[in-house]
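Please read the following note with the structure open beside it.

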Amino acid sequence: MNKIVLSGSVIVLLTMLSGCGMGETLTPAQMEKVKEFDLTQIDVLGDAIHKGMNDDELIFYAPVNIVKAKEDYEKALEAEQKDEKMAFYLAAKKELDKAYETKKTVKKYLNDVAKIDEKMQKLNTQEIFRDRYENFKDEYSDLIITMDKGNVSEALVDKKEVLLNAKDLYGDAVVYRNINKAKVILNKMEDENLDERAPKHFEQAQKIYEESRLQIKREPDNKQLIQKLAKETNNAALYAQTLAKDVAKIKSLSDEESYEFYFDVLHHNIASLNTKEAVEPILPVSIDEKILYLKNQTKSENTNKILKVKEKIEKQESEKELVEVEDVNVSTMPTTVEIAPENEKNVNAVDNANAVEKESLSKPDEASQEMNTPVSLDAVQAPTEEETQQ
């Protein structure tokens, strides 16, 4: 269970309680044992109280009884009469025992609240939602104090609302840590009126954010799901912002000459990605055709890489087999030949290369078909501000 930082109101309450201890009234039987009372027991009790407050954290688990025990122990030291010393000693001992019982009760019934608090602390919730977290800690402390006063049933009733608020706060902290980037971007777009430049994408990004927010709050411990949602949500907001800025930039151009310059830079930037531009220039064709050409070029280059790997592996295998044949004594050659692990890896690599080559060769018209397929301008991402300036 986590340590509890006591609120100001709790500290005031404990201060008021600390002045109320008057010791226990000794029974006639106890009065008869006053003369036999060993005063060194007070010092032993003091050590036990000190250990309870520090090592066993009773100041957090049982703040009411441990403070009373400490006060009565100090009064036992200060009392002049032996019977008073014994009375305060017995009161402090009893309160210390109650404190340990409270600790057991708190750990039993408030363990789920403690676990949520631990998760929130790891997310630094106290900095993200300072006021809400402080309210939670005050309510948490109140539950412990109520239990330490012996009102366990009352504390359990109050716990339901505290636990509900804690789960809600924890969910919001997880949301903040994962998709607050998207929220900041969307808010900034509204402030800069960029939401009007790409309204459809802005509304779509808002919808994705809200759906992700609700899913994360429902499953705040599903790390795999949250990672997926965070990526989708933040990228949707970022793209909406990028698109809106590009639209705003084009609309800010003053005349046809500016439009000409803008698209000239864009065409040259795309054409510069062509590794064969000097031989097969794509600068003269449309943006759509440029993109399709570059996609097909990438596929072709990947196929060539695979073929080179396959050729290299086959060459290594041929050279290795030739050496093995020269070194083997035919009379001692075993009837069964096992493939060495490293050879088996090479064989698998060749098979994989063959499979890729076969798949590539089985679709000879794919590139040409793709070149002839019309592409919508919506699929072409506008250049960023930095690319345009270049």
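The numbered points below concern a predicted model.

1. **The length of helix α7.** Helix α7 is made up of twelve residues, 111–122. At 1.5 Å a residue, the helix should span 16 Å, and its end C-alpha atoms lie 17 Å apart, which agrees. After α7 comes Asn124, whose phi is positive, near 60°.

2. **The buried face of helix α7.** Which residues of α7 are buried? They are Val113, Ala114, Ile116, Asp117 and Met120. Viewed down the helix axis, the buried residues of α7 fall within an arc of 165°, so they line one face of the helix.

3. Side chains of opposite charge can pair when their charged atoms come close. Asp117, one of the buried residues of α7, forms a salt bridge with Lys137, and the closest N and O atoms of the two are 2.8 Å apart. This pair links distant parts of the chain, as Lys137 belongs to helix α9 and Asp117 to helix α7, 20 residues apart. Are the two partners buried or exposed? Both Lys137 and Asp117 are buried.

4. **A pair between α10 and α11.** Lys217 forms a salt bridge with Asp172, with 2.9 Å between the closest N and O atoms. Here too distant parts of the chain are linked: Lys217 is in helix α11 (residues 199–218) and Asp172 is in helix α10, 45 residues apart. Lys217 has a relative accessibility of 24% and therefore counts as partly exposed. Asp172 has a relative accessible area of 16%, so this residue is buried, the cut-off being under 20%. Salt bridges with shared partners join Arg132, Asp168, Asp172 and Lys217 into one network.

5. **The pair Lys51 and Asp56.** A salt bridge also joins Lys51 to Asp56, whose closest N and O atoms are 3.0 Å apart. Lys51 is partly exposed because its relative accessible area is 40%, whereas Asp56, at 16%, is buried.

6. **The total.** How many salt bridges does the model contain? The count comes to 13 salt bridges, among them the pairs Lys51 with Asp56, Lys137 with Asp117 and Lys217 with Asp172.

How values were computed. Residues are numbered from 1 along each chain as its sequence is written. This is a predicted model: local features need pLDDT of at least 70, side-chain atom pairs count only at pLDDT 80 or more; totals for chains, interfaces and linings use all residues. Side-chain values use heavy atoms; hydrogens and water are left out. Helices (H or I, at least four residues) and strands (E, at least two) are DSSP runs, numbered from the N terminus. The expected span of a helix is 1.5 Å times one less than its number of residues. Buried means under 20% relative accessible area, exposed over 50%, partly exposed in between (1.4 Å probe, protein chains only). The arc is that of the directions from the helix axis to the C-beta atoms. A salt bridge is a side-chain nitrogen of Lys or Arg within 4 Å of a carboxyl oxygen of Asp or Glu.
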